[in-house]
Amino acid sequence: MNGVPACLCIAGPTASGKSAAALAIAESFRRRTPSRPVEIVSVDSALVYRGMDIGTAKPSAVERAAVAHHLIDVIEPTQAYSAARFVADARALIDAIAARGAVPLLVGGTMLYYKALFD
């Protein structure tokens, strides 16, 4: 895995149920192993942009409050975000989440980001 620490991943096309599955997994971990919460890392090229809420299936405020989400609303739409920056951000988050004793769960459909991270 190219030096990427252990993590769970849910990948697939838009509207395939990835977010619902991720929230269900997080809830299951919360009930079964409260000392190992799940934190979601978005693998979506649109969700990094602030204000891009329509047509992106961005998790709601309620969903984001229930489970920690990362790499959502991190830059302005006028700024560039690349696969290389995603890899740097994701690796740092995966390491930090694991260091807290939590489970990193990567969720999204930007396959270029997954490929860049794992290959």
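Author: Helices (H or I, at least four residues) and strands (E, at least two) are DSSP runs, numbered from the N terminus. The model is predicted, so local features need pLDDT of at least 70 and side-chain atom pairs count only at pLDDT 80 or more, while totals for chains, interfaces and linings use all residues. Residues are numbered from 1 along each chain as its sequence is written, and side-chain values use heavy atoms, with hydrogens and water left out.

Reader: Where is the place of T56?

Author: T56 lies in the loop between β2 and α2 (61–66).

Reader: Is T56 buried or exposed?

Author: Buried means under 20% relative accessible area, exposed over 50%, and partly exposed in between (1.4 Å probe, protein chains only). T56 has a relative accessible area of 10% and is therefore buried.

Reader: What does the side chain of T56 reach?

Author: A polar contact is a pair of N or O atoms within 3.5 Å; within protein, one must be able to donate a hydrogen and the other to accept it, and residues adjacent in sequence count only if both atoms are side-chain atoms. Here the T56 side chain reaches the backbone oxygen of M52 at 2.8 Å. With its neighbours within four places in sequence left aside, T56 is in contact with A46 and L47.

Reader: How many of the residues of β2 are buried?

Author: Five of the five are buried, so β2 is largely enclosed by the rest of the structure. On one side stand V38, I40 and S42, and on the other E39 and V41.

Reader: Which strand do five bridges join to β2?

Author: Two strands pair if DSSP finds at least two bridges between them. Five bridges join β2 to β4, and the two run parallel; the partner of S42 in β4 is V107. β2 also pairs with β3 in the parallel sense, over two bridges, where I40 has H69 as its bridge partner.

Reader: How many residues does helix α3 have?

Author: The expected span of a helix is 1.5 Å times one less than its number of residues. Helix α3 (residues 83–99) has 17 residues and reaches 24 Å from its first C-alpha to its last, close to the 24 Å expected.

Reader: Which residues of α3 are buried?

Author: They are A83, F86, V87, A90, L93, I94 and I97. Seen down the axis of α3, these buried residues fall within an arc of 140° (that of the directions from the helix axis to the C-beta atoms), so they line one face of the helix. They pack against β2 (38–42), β3 (69–70), β4 (103–108) and α4 (111–118). The face turned away from the buried side carries the exposed residues A84 and A99.

Reader: How many aromatic pairs does a search of the whole structure find?

Author: Rings of Phe, Tyr and Trp (its six-membered ring) pair if their centres lie within 6.5 Å; planes under 30 degrees apart count as stacked, over 60 as edge-to-face and the rest as tilted. The search finds three pairs. F86 and Y113 form a stacked pair, 4.5 Å centre to centre with 15° between the planes. This pair links distant parts of the chain, with F86 in helix α3 and Y113 in helix α4, 27 residues apart. F86 is buried, with a relative accessible area of 1%, and Y113 is buried at 4%. Y81, F86 and Y113 form one aromatic cluster.

Conventions:
Contact means heavy atoms within 4.5 Å.
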